[in-house]
Amino acid sequence: MIKAILTDIEGTITRISFVKDVLFPYAEKQLPTFLRLNTKKAHVAEQIAAVKTIIDEPNADLERVISVLLTWIEEDKKITPLKQLQGLIWQTGYEHGDFKGHLYPDAFDFLQAQHAQNIALYVYSSGSVRAQQLLFKYSDYGDIRALFNDFFDTKVGAKQEQAAYNTIIEQLPFDASEVLFLSDVAAELDAAKAAGLKTLHLIRDGQAQSEHPYVHDFTNVKLEQFI
């Protein structure tokens, strides 16, 4: 019996183009100025230091760090300090009304219905927890953060690695078999299944079909089918 849902964001409950065509370009444009203006703030300095550690250049100057981060954005790297900084930059965009957090209408209806049925809802995304909460705070449907019990990002591990899902399950009051993971990426679903979770593949934007149960939207999804 499914008692909880763990959901991806991009391509699953939000349109891929919202992230790729709105959020990523905004962060890329704002990042150099943001870092130069905020380099002495502790939460920013922490991420700059993390970048230097990852590239093994402890004495790298700020312009070198900016160059690395812009390269990671171009290559769509899922690296924690980049994701943390993107979240900080997106906060400004949301607060200034430059954009709202997009959700598919069927996804919102589904999540709201599950919450009403006392199904616990969790989020696991490569975007930072800060970025996730901003999307839901400034969503098309207003502040919907109260729908979710908790949020996870790459601090628990990479989304295509079984160990990350094991770590998440250790923090939840449910057995792995009682949790349904939603994603549009087959490799993530494979990792979650290996950790014992139930899986559902969202095929919204022409993704290849996988061995996992799949739907094209949430209109007819029933948790009873996941035994």
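This is a predicted model: local features need pLDDT of at least 70, side-chain atom pairs count only at pLDDT 80 or more; totals for chains, interfaces and linings use all residues.
Reader: Into which classes does the lining of the largest cavity divide?

Author: That lining has 8 nonpolar, 4 polar and 3 charged residues. A cavity is a set of points on a 1 Å grid over the protein atoms alone where a 1.4 Å probe fits but cannot get out, and lining residues have an atom within 4 Å of a point. The largest cavity has a volume of about 170 Å³, counted as the space filled by probe spheres on the joined grid points. Among the residues closest to its centre are Val19, Leu23 and Trp90.

Reader: How do you know where the largest cavity lies?

Author: Domain 1 (4-16 + 101-225) and domain 2 (19-96) both contribute to its lining, so the cavity lies between them. Those bounds come from an automatic or database domain assignment.

Reader: What makes α1 and α3 parallel or antiparallel?

Author: Their axes, lines fitted to C-alpha atoms over the stretch in contact, are compared by N-to-C direction from 0 to 180 degrees. These two DSSP helices (H or I, at least four residues) come within 10 Å and cross at roughly 160°. Angles over 145 degrees count as roughly antiparallel, so α1 and α3 are roughly antiparallel.

Definitions and conventions:
Residues are numbered from 1 along each chain as its sequence is written. Side-chain values use heavy atoms; hydrogens and water are left out. On a 1 Å grid over the protein atoms alone, a cavity is a set of points where a 1.4 Å probe fits but cannot get out, and a pocket is an open set with protein on both sides within 12 Å along at least five of seven lines; lining residues have an atom within 4 Å of a point. Ala, Val, Leu, Ile, Met, Phe, Trp, Tyr, Cys and Pro count as nonpolar, Asp, Glu, Lys and Arg as charged, and the others, Gly among them, as polar. Angles under 35 degrees count as roughly parallel, over 145 as roughly antiparallel, 65 to 115 as roughly perpendicular and the rest as oblique.
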